Amino acid sequence: MMSSACVASTIFCITCLLCELNSSLAFSSRSSSSIITSWSSSVAHIIEHIVSPPPLQVTPLNELTNTRFPGPDGVDILAYTATNNNGDGKNTIILLHEFFGLNPSIVEKAELLAKDLGCTVIAPDTFRGTVTDFVPKAIWLALTTPQERVNDDLDAVCRFLGCSNTDSGKNLAVVGFCYGGGKAIRYTTQRKHDAATVVFYGSPVTDVNELQRLNAPVCGIFGNQDAQFSSSLLDNFQSSLNDAGVDNDIRVYSGVGHAFWKDVSQIERGDQPQTDAYNQCTTFLREFFSSSTMRVDDTIKEAATTSSTTVKSRFLDSLDRPYDLNQGSKERTGLLNDLIQNGDSIQQPGSLESFMPVAPGRWRVIYAPHMTTMSGLAGGEFSVQYDLNDDGTIISHAKCNFPFYKGFLSVSGSFGSVNNEVCRVDFDEAWIKASNHENDEPYPNI
């Protein structure tokens, strides 16, 4: 039976969502049906949590956490860290809480995962100091905590753990529940492409272009009575992962709804399907940690993971991120010089006869130390691609993500030969496109 306070809370939250829905229908370019589906899911989320609230215990974070480290914006991040002394220190899990905030249930799950997998588990507070057991406040916290801020906080967690780079020798998985599950897969698609992802009944990502960024597998755990996620949405999630070429294990358990794994005692008793879901999660993570298999572009993977001692593979082995700009270092500069001087490159690379047969196409810049230096100084990042055409014209698009500017900086011009050893590029036009949308495209020309 719902109390009058719960009824009032439900009405208040649904009213707020309907106000947002009205605004979205008035101003959004998306179809009305897709918006209504999205907000209907949110309303279902509210009702499910209020009618069947989890048995939460709110504990002050200074009593619950055992770890503190510097985060972005001058704030400290609080977290609970569970360790296993029998592990080798190579495997780490970031565990993301539900929309109630970091609580004892998450701490118990962190301890269980650390014990069973022999790894380190860190559960950060993504709400920066706030916890609650009041559903309307929990919803408000989830709605007002932007993904970008969570991404920045999780980057700080990775720096603290020493696994910011893929050459750190550590394997990382990001596991999240409900709100945390949605944040987890968005963090791995947007920032941490080489981390495995486990989504416990969190909002899926179904955009194939976003999922294609992942270089590691995805595990999804849902209930067939969860009013938030229709069977068609979950089918779409799995088919999109398949289309993106991402290894995945997506399962929907019968007879349960949202947030069906509430606490560790369910696993200790052998409750079903909670125990099966937990075993799915741990089996998935154990296989990932043991294999460290990553899905990357075949040509890059062939060169970067080979045991060959060729100068090309040595340079590619030194890179942190095959698809993105890598920071400069003396080691990489030396390896690049070695590649230029002694690699199996084409003869007379500056001559038209040599480079024109292979130049046309789209090229992604993976090593530009001057740009990564500028990125660090300005507190952002670039992603750069070149489009080289058969007629000798070139267009470059630099995607910029900085506090003072988000969007594209584009230039166009021509490329050609100076002599048999040196090519030239001349840019004579430039244009910009400001955009906050992750999947937006640049203007193709001026």
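Student: How many bridges join β5 to strand β6, and which way do the two run?

Tutor: Strands pair if DSSP finds at least two bridges between them. Here 5 bridges join β5 to β6 (residues 196–200), and the two run parallel. Phe177 stands opposite Phe200 in β6. Strands (E, at least two residues) and helices (H or I, at least four) are DSSP runs, numbered from the N terminus. One caution: this is a predicted model, where local features need pLDDT of at least 70 and side-chain atom pairs count only at pLDDT 80 or more, while totals for chains, interfaces and linings use all residues. Residues are numbered from 1 along each chain as its sequence is written, and side-chain values use heavy atoms, with hydrogens and water left out.

Student: What is the order of the strands in the open sheet?

Tutor: There are 8 strands, in the order β1-β2-β4-β3-β5-β6-β7-β8, with mixed pairing. The edge strands, β1 (67–70) and β8 (248–253), each pair on one side only.

Student: Is β5 mostly covered or open?

Tutor: Buried means under 20% relative accessible area, exposed over 50%, and partly exposed in between (1.4 Å probe, protein chains only). Strand β5 (residues 171–177) is mostly covered, with 7 of its 7 residues buried. Asn171, Ala173, Val175 and Phe177 point one way, while Leu172, Val174 and Gly176 point the other.

Student: And how do I read two packed helices?

Tutor: Look at the angle between their axes and the distance between the axes. Axes are lines fitted to C-alpha atoms, for helices over the stretch in contact, and angles run from 0 to 180 degrees between N-to-C directions. Contact means heavy atoms within 4.5 Å. Helix α6 (residues 147–161) and helix α7 (residues 179–190) pack at about 75 degrees, their axes 10 Å apart. That makes α6 roughly perpendicular to α7, a label for 65 to 115 degrees; under 35 is roughly parallel, over 145 roughly antiparallel, and the rest oblique. Among the residues making the contact are Leu154 of α6 and Tyr187 of α7.
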